[in-house]
Amino acid sequence: MAEVALPYRYDPQPPSPQQQPPRPGLNIDWSQVNLDEIQLPPGEDFGIKSEDEEEEEEIVESESGFGSIIVVDNLPVVEPAKYEKLENVVRKIFGQMGIIRTLFMPKDKATGKTAGFAFIEYSSPQEAHTAREQADGYKLDKSHVFMVRMFDDIDKYMKVPEQWVAPEIKSYVPGENLLEWLMDEKGRDQFVIRFGTETEVCWNDARLLKAETAYHRSFWTESFVQWSPLGTYLATIHRQGAVIWGGCTNFSRITRFIHQQVRLIDFSPSEKFLVTYSSHEPSNPRETQKVVLNVFDVRSGKSHREFKGSADEFATGGTGGVAGVSWPVFRWSGGRDDKYFARIGKHCISVYETETMGLLDKKSLKVDNVIDFSWSPTDSILALFVPEGNGGNQPARVSLVQIPGREELRQKNLFSVSDCKMYWQSNGDYLAVKVDRYTKTKKSTYTGFELFRIKERDIPIEVLELENKNDKIIAFAWEPKGHRFAIIHGDGPRPDVTFYSMKSPNNVDRVTKLATLKGKQANALYWSPAGRFIVLAGLKAYNGQLEFYNVDDLETMATAEHFMATDVDWDPAGRYVATSVTSVHQMENGFIIWSFHGKLIYKVSRDRFFQFLWRPRPPSLLSSEEEAEIFRNLKQYSKRYDQEDIESSRFHSTQELEQRRKLIEEWNGWLSSWKQMHEADKPYRQELRDGEPSDDEQEYEDEEVEIEEVIDVEEIKEEDLEA
């Protein structure tokens, strides 16, 4: 770097302890105070900073007074005529991260060209640190990748001693095994529950008919908890940001993401990135809410990109989420490489590359009037929906677009459309588009389905219409990793459930109806992750009606009821089902674990119950051929577990006998105490009976007593007597 004189002056020496104002004496014997027992009321800190707040303040401390200044290196070297243009580019890039007070780009005295670096002063140290984190490594072009450092770091580097001193070698401390929970000898799954101020991670121990607590913590989160897609991390939400934890029976903090007032989070499919969201009320009542989104690197906690704007900008294309913002704002491409993420905008879809965190090809995908899109779960294919335009003269359409080439693979025009919703099958083999159309009179609508066969040549499309076109579609669900789907349809209190297959018995690619179940109390469908089994659930108005159905054999395995159930969740292996009643209702809070065929395993009640979440499992490392081999030899493999089943059965028998023995002992103990009390009261009873004994039946004397009682009175006339 060239030598530059800056118009700043500071004293690098902090004030001595003698110069600092003395603290007033409080006459407290601190040796008698146990600080661990001090508890502050919720929402109050009395000026005592939490551990997270202290860490955040450490970041922005600056002894030199230059904490708001960054140094940007590797800028282009330009002639004096292009100085202003380069300055505008730098301001545009770094102005997104805070308010720039001053920008100074030194020049070479001999040539007049820029020196290739710049000093930028922000209005606060926090903005300067944000700029350092987000802009370091920013790629302006192929030859210029920014290197951003804090100005204070220069002073630190200047103080490096001339004599090299070997660093102290610290002993290796093994970190938390983030996959330990997958190696449970009993093959159990974990789940997390949140109730009141408590959060528990539990093992689902179906053999012992109970939930075994693996980890418990109070006040772990301020709003909710969330597993990452592969189950590696558990995220908690705090005022200062989000934190991810890892472990099995002892959860330790892995990474912390600073985002003030964070309200929502979303992981990328392979857990490489975390998107955080917050909204802030404007100071001017005429303005709309401000929205801030950050894309963090999960391992380092570094923010790769920050997005800011009004709530209206991020509400395009949906009405869910918070304050009208469609959530998730960013939708991740299919597969496990986390290569792209996209969001919908006005007349466009913006696709970003995670490698650069910039727009793909530096421009958005222009699609006039687009209102919805979704990614294939396995491929970089976008499905777009565009409604009718020009007063109905331009048809609605669904398009499939390949990314990154932006090639349109297939398009289907749709007419008289009132609404449209897209459903991808988990393997990306099929796409179902539910289309609500107006009748000719425009006074009512009817529903049909457009079924895309994505993996077949030219992507053929089939049209499926129900036998009764006027039936209302209540629910739709694909079988995971399969070719079947289920629909709940009807207008009455007992709708029908119909099962279809994308394959016909003659291996002809045609949609085939498998069966229709008439008059079911169901409004939600929950397929097992392994396919084959499905739960037909009647939630809300149906008061928790459950039907466990085998789609292979087309038969009901069991019916049950969990009164006022609000949620149904399959475990990742498809062995157990959890139904829960959250604090939406004031009564019956808690959850029930069922077997896949509808047998009640155990029930847990918890007041103010908020969440039940199974811990996801990563995909199997076995190939499809190896899995098929295991299924063929399942009986052989299962023999090694037969002894465990026998021991478990014996344990349950022993446990049941022990429980009976305890109940008998309790009864005998109560009976003995009652007899002692009865004997102690014998004199009092004799006194009440004038000294006559009354405890023994042989002491009783039988005495017959006649009692006359008038039953009825009737007047008889004389003529009746003479007659």
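Here are some notes on side-chain contacts and one surface patch in this predicted model.

1. Let's start with the salt bridges. A search of the whole structure turns up 31 of them. Lys 412 is partly exposed at 22% relative accessible area, while Glu 450, at 3%, counts as buried.

2. Glu 450 also bridges to Arg 437, with 3.2 Å between the closest N and O atoms. Arg 437 belongs to strand S28 (residues 430–438), so here the pair joins parts 13 residues apart in sequence. Arg 437 is buried, with a relative accessible area of 14%. Elsewhere, salt bridges with shared partners join Asp 184, Lys 186, Arg 188, Asp 205 and Glu 212 into one network.

3. Asp 361 and Arg 406 form a salt bridge with closest N and O atoms 3.7 Å apart. Asp 361 is in the loop between strands S21 (358–359) and S22 (365–366), and Arg 406 in the loop between S25 (396–402) and S26 (407–414), so the pair ties together parts 45 residues apart in sequence. Both ends are partly exposed: Asp 361 has a relative accessible area of 48% and Arg 406 one of 22%.

4. On to the rings: the structure holds 37 aromatic pairs. For Trp 332 and Phe 341, the centres are 5.0 Å apart and the planes at 45 degrees, so that pair is tilted. Both residues are buried. Phe 499 and Trp 527, by contrast, pair edge-to-face, at 6.3 Å centre to centre and 85 degrees between the planes. Phe 499 sits in strand S33 (residues 496–501) and Trp 527 in strand S35 (residues 524–527), so the contact links parts 28 residues apart in sequence. Phe 499 is buried at 1% relative accessible area, and Trp 527 is buried at 8%.

5. Ring pairs also link Tyr 423, Tyr 430, Phe 449, Phe 476, Trp 478, Phe 485 and Tyr 500 into a cluster. As for charges over rings, the charged end of Lys 469 sits over Tyr 446, 5.7 Å from the ring centre, and that of Arg 606 over Phe 195, at 5.1 Å.

6. Last, the surface. Leu 622, Ile 630, Phe 631, Leu 634 and Tyr 637 make a nonpolar patch with about 470 Å² of accessible area together. Helices H6 (624–632) and H7 (634–680) each supply at least two of its residues. Leu 634, in H7, counts as partly exposed at 45% relative accessibility.

Notes. Residues numbered from 1 in each chain as written. Predicted model: local features only at pLDDT ≥ 70, side-chain atom pairs only at ≥ 80, totals over all residues. Heavy atoms only, no water. Patch = residues over 30% accessible without salt bridge, like charges linked within 9 Å, V, L, I, M, F, W, Y side chains within 5 Å. Areas by Shrake-Rupley, 256 points an atom, 1.4 Å probe, with all protein chains shown as cover. Salt bridge = Lys/Arg side-chain N within 4 Å of Asp/Glu carboxyl O. Helix = DSSP H or I, 4+ residues; strand = E, 2+ residues; numbered from the N terminus. Buried < 20%, exposed > 50% of the residue type's maximum accessible area, 1.4 Å probe, protein only. Phe/Tyr/Trp six-rings, centres within 6.5 Å; stacked < 30°, edge-to-face > 60°. Lys NZ or Arg CZ within 6 Å of the ring centre and 35° of its normal.
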